[in-house]
Amino acid sequence: MITPLPSESLSDFFTSFDFSDESEALQAFIALLRETASHRQNIIHACYDGETPIGFVSLKMTGDVDNIPGLLIEFLYIKPEYRRKTIGDSPRRSFAILDDVIMLAFELQKIVAINHVFLIPVDENKRSLYLEYGFENIPGSGKNPFEDFMVFNLLAEEVV
């Protein structure tokens with residue numbers, strides 16, 4: 001389950017994480033996400049297993065992909081000890097978090113004109129994971145060749 005965090009709760013939430021084993025680049029990116037969330041440029045959603053925080057997802061509205069409005073998953077983080085684990089008979093935790101993000105996007109769709117969820121995978125392994133979930137590649141869509149966007153279409157069928 002994901003829960004949006006107000007900017008004043010970010011510090012308390014992030015104290016439950018130890019990023020010291022993550023790369024310096026990842027630590028810097030997380031710090032940037034925290035900073036932009038404190039200025040309401042994105043919203044950090046906490047991910048819990050019961051009452052234990054296991055990760056977070058940073059979301060924001062965007063028109064960066066061919067000027068098409070959508071919900072952008074800026075980053076999805078799961079604590080290392082919870083990665084690749086399933087929840088009982090349920091799919092892995094990343095899929096459960098993506099399920100919540102997609103459900104949130106459907107709720108947002110009732111308020112604003114969005115039909116897509118976008119993301120840029122951090123590597124080819126994550127790209128494979130997102131393809132398995134149902135995202136599709138958009139070749140040539142990124143600012144650099146290595147950062148092509150992926151899209152999850154919220155429409156039941158493509159509108160022509």
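How many bridges join strand 2 to strand 3? Seven bridges do so, and these two strands run antiparallel. The account below concerns a predicted model.

## Two hairpins around strand 3

Strand 2 covers residues 43–49. One of its residues, Ile-43, stands opposite Leu-59 in strand 3. Strand 2 and strand 3 form a hairpin with two residues between them. In the turn of that hairpin, Gly-50 has a positive phi of about 70°.

On to the pairing with strand 4: nine bridges join strand 3 to strand 4, and the two run antiparallel. Leu-59 has Ile-73 of strand 4 as its bridge partner, while the partner of Met-61 in strand 4 is Leu-71. These strands also form a hairpin with two residues between them, in which Asp-66 takes a positive phi near 50°.

## Helix 3

Helix 3 spans residues 93–109, a run of 17 residues. At 1.5 Å a residue, the helix should span 24 Å, and its end C-alpha atoms are 24 Å apart, which agrees. The buried residues of helix 3 are Arg-93, Ser-94, Phe-95, Ile-97, Leu-98, Val-101, Ile-102 and Ala-105.

Ser-94 lies in this helix. Its relative accessible area is 11%, and Ser-94 therefore counts as buried, the limit being under 20%. Leaving aside neighbours within four places in sequence, Ser-94 is in contact with Leu-76, Ile-78 and Leu-129.

## The nonpolar cores

The largest nonpolar core holds 26 residues, of which Ile-73, Val-101, Val-117 and Phe-135 touch the most other members. The elements that give two or more residues to this core are strand 3 (52–65), strand 4 (68–78), helix 3, strand 5, helix 4 (124–133) and strand 7 (150–153). Helix 3 supplies the largest share, six residues. A second, separate core has 15 residues, among them Phe-14, Ala-37, Ile-44 and Ala-46.

Val-117 illustrates the contacts in detail. Not counting residues up to four places away in sequence, Val-117 touches Leu-71, Ile-73, Val-101, Ile-102, Ala-105, Phe-135, Met-150, Val-151, Phe-152 and Leu-154.

## His-116 in strand 5

His-116 lies in strand 5, which covers residues 116–119. With a relative accessible area of 17%, His-116 is buried. Apart from neighbours within four places in sequence, the residues in contact with His-116 are Ile-68, Pro-69, Gly-70, Leu-71, Val-151, Phe-152, Asn-153 and Leu-154.

## The largest pocket

About 620 Å³ of space lies in the largest pocket. Its lining consists of 26 residues, and those nearest the centre of the pocket are Leu-76, Arg-83, Lys-126, Leu-129 and Tyr-130. Strand 4, helix 3 and helix 4 are the elements that give two or more residues to this lining.

Terms used: Residues are numbered from 1 along each chain as its sequence is written. This is a predicted model: local features need pLDDT of at least 70, side-chain atom pairs count only at pLDDT 80 or more; totals for chains, interfaces and linings use all residues. Side-chain values use heavy atoms; hydrogens and water are left out. Helices (H or I, at least four residues) and strands (E, at least two) are DSSP runs, numbered from the N terminus. The expected span of a helix is 1.5 Å times one less than its number of residues. Buried means under 20% relative accessible area, exposed over 50%, partly exposed in between (1.4 Å probe, protein chains only). Contact means heavy atoms within 4.5 Å. A nonpolar core is a set of buried Ala, Val, Leu, Ile, Met, Phe, Trp, Tyr and Cys residues joined through side-chain atoms within 4.5 Å. Two strands pair if DSSP finds at least two bridges between them. On a 1 Å grid over the protein atoms alone, a cavity is a set of points where a 1.4 Å probe fits but cannot get out, and a pocket is an open set with protein on both sides within 12 Å along at least five of seven lines; lining residues have an atom within 4 Å of a point. Grid points are joined across faces, edges and corners, and a volume is the space filled by probe spheres set on the points.
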